[in-house]
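Please keep the viewer open as you read, and follow the residues as they come up.

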Amino acid sequence: AAPGTFSQAKYEATLAKFSRPSCIIAISAELHPDLVPEWEEVAAVACAVQNMWLTASAYGIGAYWSTPGGALGPLHEFLHLQPNQKCLGLFLMGYHDMQHVPARRKPVGEKVSWVEA
């Protein structure tokens with residue numbers, strides 16, 4: 001935080017948030033802009049995280065991807081990432097006692113437009 005902007009309440013809320021999960025995985029990408037556009041690397045990482053999320057859910061493990069505002073820079077340093085590596089957030093995982101809530105989704109036909117050439 002910039003000098004004079006520290007908030008004890010925000011600090012305590014962040015500490016509580018990150019002390020609850022059983023596991024926290026740092027999500028990062030290794031970028032090679034001369035070979036692959038950055039957006040493709042980020043998309044590939046997002047697909048991998050989705051697979052982790054689906055697997056965790058199948059085993060009854062709660063999980064979510066969090067990108068702590070303002071903390072990605074310090075995370076890069078904390079994780080000792082190389083200049084071509086980028087931290088994209090944290091994946092928090094843990095067991096929970098919440099009841100399953102069915103997804104509320106619109107029919108796929110409302111989200112897809114087919115164009116005939």
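## Ground rules

Helices (H or I, at least four residues) and strands (E, at least two) are DSSP runs, numbered from the N terminus. This is a predicted model, in which local features need pLDDT of at least 70, side-chain atom pairs count only at pLDDT 80 or more, and totals for chains, interfaces and linings use all residues. Residues are numbered from 1 along each chain as its sequence is written, and side-chain values use heavy atoms, with hydrogens and water left out.

L81 sits in the loop between helix 3 and strand 3. Buried means under 20% relative accessible area, exposed over 50%, and partly exposed in between (1.4 Å probe, protein chains only). L81 counts as buried because its relative accessibility is 16%. Contact means heavy atoms within 4.5 Å; leaving out residues up to four places away in sequence, L81 touches S28, H76, K86 and C87. From A58, 23 residues apart along the chain, L81 is separated by 31 Å between C-alpha atoms.

H80 belongs to the loop between helix 3 (72–78) and strand 3. H80 counts as exposed because its relative accessibility is 65%. Its backbone deserves a look too: phi of H80 is near 55°, a positive value in a residue other than glycine. Most residues other than glycine have a negative phi.

## Two nonpolar cores

A nonpolar core is a set of buried Ala, Val, Leu, Ile, Met, Phe, Trp, Tyr and Cys residues joined through side-chain atoms within 4.5 Å. The largest one here has 11 residues: I27, A29, L31, V45, V49, A56, I61, A63, L88, F91 and M93. At least two residues of this core come from each of strand 1 (23–30), helix 2 (38–58), strand 2 (61–66) and strand 3 (85–95). Another core, of 5 residues, lies apart from it, and its members include L75, L81, L90 and L92.

Which residues does V49 touch, not counting those up to four places away in sequence? They are I27, W65 and F91. M93, found in strand 3, is buried because its relative accessible area is 18%. With residues up to four places away in sequence not counted, M93 touches P21, S22, C23, I25, A56, I61, G62 and A63.

## Q85 and its partners

Q85 lies in strand 3. Leaving aside its neighbours within four places in sequence, Q85 is in contact with A29, E30 and H76. The side chains of Q85 and E30 make a polar contact at 3.3 Å. (A polar contact is a pair of N or O atoms within 3.5 Å; within protein, one must be able to donate a hydrogen and the other to accept it, and residues adjacent in sequence count only if both atoms are side-chain atoms.)
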